[in-house]
Amino acid sequence: MEPFEEGGDDIPVAGGDPTVGVNAAQPQEQPKKSALGIEDLPEDALLHIFSRINDSFTLQVVLPRVSPRWKAVAEKARGWHGIVRAVKTTKLLMELSHHRARPLVDGCSYFNDFLWPTERRVIPNHRVVRDYGRFLVHQNLFMMEDGKRRSLRQGYLESVWRSRHHLKRLALVLDDTTKTDKGMSSLYVVSQMFRLEELYLFVENGFEYKIGTLQRAFPNLKSIEVNQKERSSRQNDLIKDLLVVSLVQAHFRPGFPYRADLLTALAKCQNLTDLTISSEYAPAFRALFALKCANVHVILDTSTPADEIVPIFVSLYSQTLRYLHVTVWCQMCPGCIKAIRDKCDKGVESMRELGFRGKATYILQQKSRLEVDLTGAGTFTRRVSFI
């Protein structure tokens with residue numbers, strides 16, 4: 001190797017890059033690349049770890065404080081623990097009741113627990129999901145176990161599609177993304193199930209219903225329940241198409257604004273005995289001669305003053321009604337609660353004067369953490385709840 005020439009900092013190294021000075025020629029210690037840590041794990045792997053943590057304080061308090069990402073994964077892990085508990089409880093109930101094939105999990109548990117990972121493909125324990133799926137659905141419907149990778153929702157929809165010819169009861173999510181293996185949407189699948197008698201639907205935000213798709217699709221339908229994350233008038237056409245004359249039970253809350261054609265369709269359901277509805281559709285009650293049980297939602301805001309509570313109760317009167325429950329959603333000031341409660345009491349008394357002899361209950365709900373139960377004498381119960 002040739003010696004260095006003196007004279008300045010920019011002295012090239014013989015045989016090296018002439019653009020590199022002597023200072024650069026000195027070997028510099030490169031920073032060592034740190035080893036991969038837990039933050040480098042994909043979310044699915046992190047969920048596997050978190051799902052094995054049984055300490056509720058760690059899941060609810062400690063982990064969420066680490067980072068927004070950990071907070072989201074810890075929330076999913078808590079949901080997974082809910083699934084595991086539900087499976088264990090259901091197994092125990094089935095062993096005690098000796099009804100091995102009868103599903104014991106209601107629709108709310110189905111949506112809150114079973115379908116929490118909307119479009120996920122990696123589940124901490126597939127055996128738990130498989131067992132839970134068997135509890136949730138009809139005894140002739142089993143979750144797909146062909147080894148194909150699907151999200152929970154996709155697997156369930158595919159199972160429903162393959163069992164569509166004999167199912168009589170069904171709980172299903174309506175969305176615009178989940179498809180069967182052959183590309184059928186959830187709406188199309190349910191439209192082909194002509195033998196259905198009980199239908200529980202949960203409508204995702206943004207779901208677009210094509211008018212007329214389910215019209216006259218279920219000639220034997222006896223019970224429906226439609227739940228929406230957000231009340232929207234866009235689903236009123238869906239509700240209208242589900243209101244068939246064979247219905248015995250119907251539970252839904254139409255979105256605003258009020259629609260006269262929906263009221264007309266409701267009034268034609270002469271076999272209804274159990275109904276959940278918004279107070280705007282109360283005029284249909286007197287046309288429903290078989291109605292015995294009603295759950296009514298009333299929203300009090302600037303457009304519905306408290307003075308209208310008594311007329312609302314009066315409009316709910318029906319000679320056949322035996323049980324009435326009213327949920328008053330109060331968006332007014334907390335100081336108005338006593339006045340609203342008095343109006344509700346007066347409304348029930350007005351119904352009594354018209355001849356109502358059944359049982360009436362109501363709940364006042366407002367944003368707060370206080371909950372108070374008030375129980376009256378006789379057949380009238382009142383409850384005030386602040387949430």
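Visitor: Buried or exposed: which is His-251?
Guide: Its relative accessible area comes to 15%. The cut-offs here are under 20% for buried, over 50% for exposed and partly exposed in between, with a 1.4 Å probe and protein chains only. So His-251 counts as buried.

Visitor: Before we go on, what pLDDT do side-chain atom pairs need in this model?
Guide: Residues are numbered from 1 along each chain as its sequence is written, and side-chain values use heavy atoms, with hydrogens and water left out. This is a predicted model, where totals for chains, interfaces and linings use all residues, local features need pLDDT of at least 70, and side-chain atom pairs count only at pLDDT 80 or more.

Visitor: Back to that histidine: which side chain makes a polar contact with the side chain of His-251?
Guide: His-251 lies in strand β4, and strands are DSSP runs of E, at least two residues, while helices are runs of H or I, at least four, all numbered from the N terminus. A contact means heavy atoms within 4.5 Å, and beyond four places in sequence His-251 touches Ile-224, Glu-225, Val-226, Asp-274, Leu-275 and Thr-276. A polar contact needs N or O atoms within 3.5 Å, with one able to donate a hydrogen and the other to accept it within protein; residues adjacent in sequence count only if both atoms are side-chain atoms. At 2.6 Å, the partner is the side chain of Thr-276.

Visitor: What arc do the buried residues of α10 cover?
Guide: Helix α10 spans residues 260-267, and its buried residues are Leu-262, Leu-263, Ala-265 and Leu-266. They sit on the same side of α10, because the arc around the axis, taken from the directions to the C-beta atoms, is only 160°.

Visitor: Which strand is included in what covers them?
Guide: The cover over the buried residues of α10 includes a helix, α9 (236-242). It also includes a strand, β5.

Visitor: How many aromatic pairs are there?
Guide: Rings of Phe, Tyr and Trp (its six-membered ring) pair if their centres lie within 6.5 Å; planes under 30 degrees apart are stacked, over 60 edge-to-face and the rest tilted. By that rule, the count is three.

Visitor: What plane angle does the pair of Phe-50 and Trp-70 have?
Guide: These two rings are 5.2 Å centre to centre and edge-to-face. The pair links distant parts of the chain, 20 residues apart, with Phe-50 in helix α2 and Trp-70 in helix α4. Phe-50 is buried at 2% relative accessibility, and Trp-70 is buried at 11%. The angle between their planes is 70°.

Visitor: And how is the pair of Tyr-258 and Tyr-281 classed?
Guide: Tyr-258 is in the loop between β4 and α10, and Tyr-281 in the loop between β5 and β6. Tyr-258 is partly exposed at 39%, whereas Tyr-281 is buried at 2%. With centres 5.1 Å apart and planes at 40°, the pair is tilted.

Visitor: Which ring does the charged end of Arg-164 sit over?
Guide: For that call, NZ of Lys or CZ of Arg must be within 6 Å of the ring centre and within 35 degrees of the ring normal. Arg-164 lies 3.6 Å from the centre of the ring of Trp-161.

Visitor: What phi does Arg-216 have?
Guide: Most residues other than glycine have a negative phi. Arg-216 is in the loop between β2 and β3, and is exposed at 71%. Although not a glycine, Arg-216 has a positive phi of about 60°.
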